[in-house]
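Hello,

Here is the structure for you to look over. My notes follow below it.

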Amino acid sequence: MKRIGVVVALLLVVGVGLVLSGFFAGVAEEPTVGDVADDRLIEVDGDYRLWPYTSRSRTVEGRTLAINVVFHADAATTRAAIEGDAAADWQETDPGEAAATAGDDQIREFVGRDWRDAHSSLRYSYVEGPTGGVWLAETFELHDGAYLGVRDHLRAYESPDGAYTAIQAHEEYYDWFRLRHTVPDIDAPATRLEDEFIESGRANDVRREYRGIDGGRSDGWLSVIELAATAALAGALLRRRTREAAADLLGRLRTDAERHAAAATLGLALGVVLVGVRFAGVTLEAALPGVSPKGIAAPLYLVLALGLPALVVWRAPRSTPEAASVAVVVGLGGGFVADFAALGVAVPPALVVHRVALLAGLGVVAIGRAAGDRPVAVVGLLAWAIGLALPLADVI
């Protein structure tokens, strides 16, 4: 009876978790905006006032993230200032190529900023000048980091008169269970971009201006960078992200290993597979620059979707139901924590709840297999499949 109660509780966690993850995802959406009113435009420089947002379409209803950085320079000068001079190791990336480099440069990927061309979903911004309003497509995009890991992503929009270049800077990471990027923050990447110009000799002035920008995840402030007339264009500063939190994975995976060796092995394998998929994705990006990152992600996703439950089905019968379920929660849960900690990103509540639901689903599989109860294991596998299907259907 105690085992039945645990199974029922885990299934309730799956159901409630999936419902809440969809709920949280829904409330995170930005409200729609009306027509571009005059008081929505801000003065920057030159003859064109800026609508300080990006949009999925040439309408304000498609508003997404807020513009958070402005360079008082045209797009070519701005891009040159970000990328550095000829002596720096900046490289242009073909469409679909990730932002990792091969050989010794893989070490620098963890400690150095490496801005490159980015190619992603098209976003627009809007300006209004003497002849009326104009919707602008991106003038250029750059990213720093790996497509299948975490990266800073810049979208640049040059004003029609070339007086300024507006930047939308955000942090994004690849979510293996959604097969697309998630944006946790826009403030930190803007600050990192600022820091590259402070006391660098490439800018005469770096300052913050409060513009009262509302929505689009903005805090109301705009970073303004006045480039030096003769910029030094030195190489970029060291990346601030660290991977210190990843070391915590070892401690979590050693829990009760002596008493439940088989369960500990299962937990270790689950965590290693999850973190290993992330590492493999970033490594393959560097080794196969001509292959689309999505082409690399597809087979690795199958490793997660099929490999994780296969491990539980295979190893759980060698443990007690209690030990097997704990191994799933500690091992895979520790893998989730280590993955997000290594990326250095804030996790939206919807995704936290969704991961808990996935853990509960595999926990039910582990109990069913360890107890030799096939119907319970099948129910757990069904819960796992539903948990994978919902984000692919864009419900979560």
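Contact here means heavy atoms within 4.5 Å. By that rule, and not counting residues up to four places away in sequence, Leu308 touches Phe177, Leu270, Val273, Val303, Leu332, Leu362 and Trp384.

First, the ground rules. This is a predicted model: local features need pLDDT of at least 70, side-chain atom pairs count only at pLDDT 80 or more, and totals for chains, interfaces and linings use all residues. Residues are numbered from 1 along each chain as its sequence is written, and side-chain values use heavy atoms, with hydrogens and water left out.

Cores

A nonpolar core is a set of buried Ala, Val, Leu, Ile, Met, Phe, Trp, Tyr and Cys residues joined through side-chain atoms within 4.5 Å. Buried means under 20% relative accessible area, with exposed over 50% and partly exposed in between (1.4 Å probe, protein chains only). The largest core has 34 residues; Trp176, Phe177, Leu270, Leu308, Val312, Leu332 and Leu362 touch the most other members. Helices H6 (261–287), H7 (293–315), H8 (321–343), H9 (349–371) and H10 (374–392) each supply at least two residues of this core. Helices (H or I, at least four residues) and strands (E, at least two) are DSSP runs, numbered from the N terminus. H7 gives the largest share, nine residues. Domain 1 (1–24 + 244–393) and domain 2 (44–102 + 113–227) both contribute, so this core lies between them. The domain bounds come from an automatic or database domain assignment. A second, separate core holds 20 residues, including Val44, Leu50, Ala166 and Leu222.

Aromatic pairs

The whole structure has 10 aromatic pairs. Rings of Phe, Tyr and Trp (its six-membered ring) pair if their centres lie within 6.5 Å; planes under 30 degrees apart count as stacked, over 60 as edge-to-face and the rest as tilted. Trp51 and Tyr53 are tilted, at 5.2 Å centre to centre and 55 degrees between the planes. Both are buried. Phe71 and Phe197 have ring centres 5.3 Å apart and planes at 70 degrees, so this pair is edge-to-face. Phe71 sits in strand S4 (residues 69–71) and Phe197 in helix H4 (residues 187–197), 126 residues apart. Ring pairs also link Trp51, Tyr53, Tyr126 and Trp135 into a cluster.

Glu171

Glu171 is in strand S10 (residues 165–175). At 4% relative accessibility, Glu171 counts as buried. The Glu171 side chain makes a polar contact with the side chain of Arg192 (3.2 Å). A polar contact is a pair of N or O atoms within 3.5 Å; within protein, one must be able to donate a hydrogen and the other to accept it, and residues adjacent in sequence count only if both atoms are side-chain atoms.

Best wishes
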